[in-house]
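Please look over the sequence and the structure below before reading on. The paragraphs after them go from the whole chain to single residues.

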Amino acid sequence: MNYAKKITGMLLEERSQSIHFDPKQKFFYLQHQEGDYQFQIKFKDVAKYGILLDYIAIGKPVPLQDVETINQRLDAQADTIQKRITFLLEEFKLIEMDVRNKRAQLRSYPPHTEENAKYYYEIVLDEGVKVHFQRYQFLTDEKRYAKITSQLTMETFERLINELVRILQ
């Protein structure tokens with residue numbers, strides 16, 4: 001199933017009961033259950049050809065598994081991300097595999113650098129059943145990280161959602 005087309009349609013319609021607006025932050029939220037997958041999308045703006053995205057979170061319920069099985073799954077998922085999600089500004093590299101907390105962290109590498117800032121995407125995998133995508137900025141002068149939005153074409157956004165779902169399958 002093409003989950004991304006369904007999500008994109010809902011975002012562009014803006015008539016969905018699942019879309020909420022937070023006036024303080026000026027962001028829209030979409031929460032949607034489709035099959036086994038729970039989607040959460042936070043965005044600032046969406047149009048026919050692009051989206052100003054804060055984050056994507058996708059999760060699915062899975063029966064409890066032992067820690068070794070979960071960590072093997074995380075390792076395979078991290079490898080898949082590095083091989084398949086190569087269509088963004090930078091490619092991904094595994095930064096940390098936390099076997100104790102059953103979590104993997106990947107970042108785009110090398111990060112894009114401008115003057116006194118570095119920009120990178122981050123994907124966090126939790127227990128092999130959840131994935132979270134976001135973009136960050138690191139200000140080198142201030143030694144401070146900040147979440148920032150990603151400007152993606154709708155084609156890239158849809159491809160990213162479908163790849164993240166495939167990683168969880």
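A residue is called buried when its relative accessible area is under 20%, exposed when it is over 50%, and partly exposed in between, using a 1.4 Å probe and protein chains only. By these cut-offs Thr-86 is partly exposed, because its relative accessible area is 35%. This is a predicted model, in which local features need pLDDT of at least 70 and side-chain atom pairs count only at pLDDT 80 or more, while totals for chains, interfaces and linings use all residues. Residues are numbered from 1 along each chain as its sequence is written, and side-chain values use heavy atoms, with hydrogens and water left out.

Now take the chain as a whole. Helices (H or I, at least four residues) and strands (E, at least two) are DSSP runs, numbered from the N terminus. The chain has 3 helices and 11 strands. In sequence order they follow the pattern α-β-β-β-β-α-β-β-β-β-β-β-β-α. The radius of gyration is 16 Å, close to the 15 Å that the globule rule gives for 169 residues, so the chain is as compact as a globular protein of that length. Here the radius of gyration is taken over C-alpha atoms, and the globule rule is 2.2 Å times the number of residues to the power 0.38. Along its principal axes, the C-alpha trace spans about 45 × 45 × 30 Å.

Of the 169 residues, 46% count as buried. The chain exposes about 9,700 Å², and carbon and sulfur atoms supply 46% of that area. Accessible areas come from the Shrake-Rupley method with a 1.4 Å probe; for residues, only the protein chains shown count as cover. A contact means heavy atoms within 4.5 Å. Among the contacts in the chain with a separation of 6 or more, 50% are between residues 24 or more positions apart.

Lys and Arg count as positive and Asp and Glu as negative, while His and the chain ends are not counted. The place of a charge is taken as NZ of Lys, CZ of Arg, CG of Asp or CD of Glu. The chain has 25 positive and 25 negative side chains, and the centres of the two sets lie 2 Å apart.

Next, consider helix H3, residues 154–168. Its 15 residues reach 21 Å from the first C-alpha to the last, close to the 21 Å expected at 1.5 Å a residue. The expected span is 1.5 Å times one less than the number of residues. How much of H3 is buried? The count is 12 of the 15 residues, so H3 is largely enclosed by the rest of the structure. The buried residues include Phe-157, Leu-160, Ile-161 and Leu-164. An α-helix has 3.6 residues a turn, so residues three or four places apart point the same way.

Ile-41 lies in strand S3 (residues 37–46) and counts as buried, because its relative accessibility is 1%. Leaving out residues up to four places away in sequence, Ile-41 touches Ile-7, Phe-28, Tyr-29, Leu-30, Leu-53, Tyr-55, Ile-56, Phe-157 and Ile-161.

Helix H2 holds Asn-71. Asn-71 is buried, because its relative accessible area is 12%. Not counting residues up to four places away in sequence, Asn-71 touches Asp-98, Val-99 and Lys-102. Thr-86 sits in the loop between H2 (67–84) and strand S5 (91–98). Thr-86 and Ser-108 are 22 residues apart in sequence, and their C-alpha atoms are 9.5 Å apart in space.

Several loops remain. Tyr-109 and Pro-110 are joined by a cis peptide bond, with omega about -5°. Pro-110 is in the loop between strand S6 (103–109) and strand S7 (112–114). Glu-115, in the loop between S7 and strand S8 (117–126), has a phi near 40°, a positive value in a residue other than glycine. Glu-115 counts as exposed because its relative accessibility is 84%.

Lys-143 also has a positive phi, about 50°, although it is not a glycine. Its place is the loop between strand S9 (130–139) and strand S10 (144–148), and it is exposed, with a relative accessible area of 65%. Thr-140 is found in the loop between S9 and S10 and is partly exposed, at 28%. Apart from residues up to four places away in sequence, Thr-140 touches Asn-116, Ala-117 and Lys-118.
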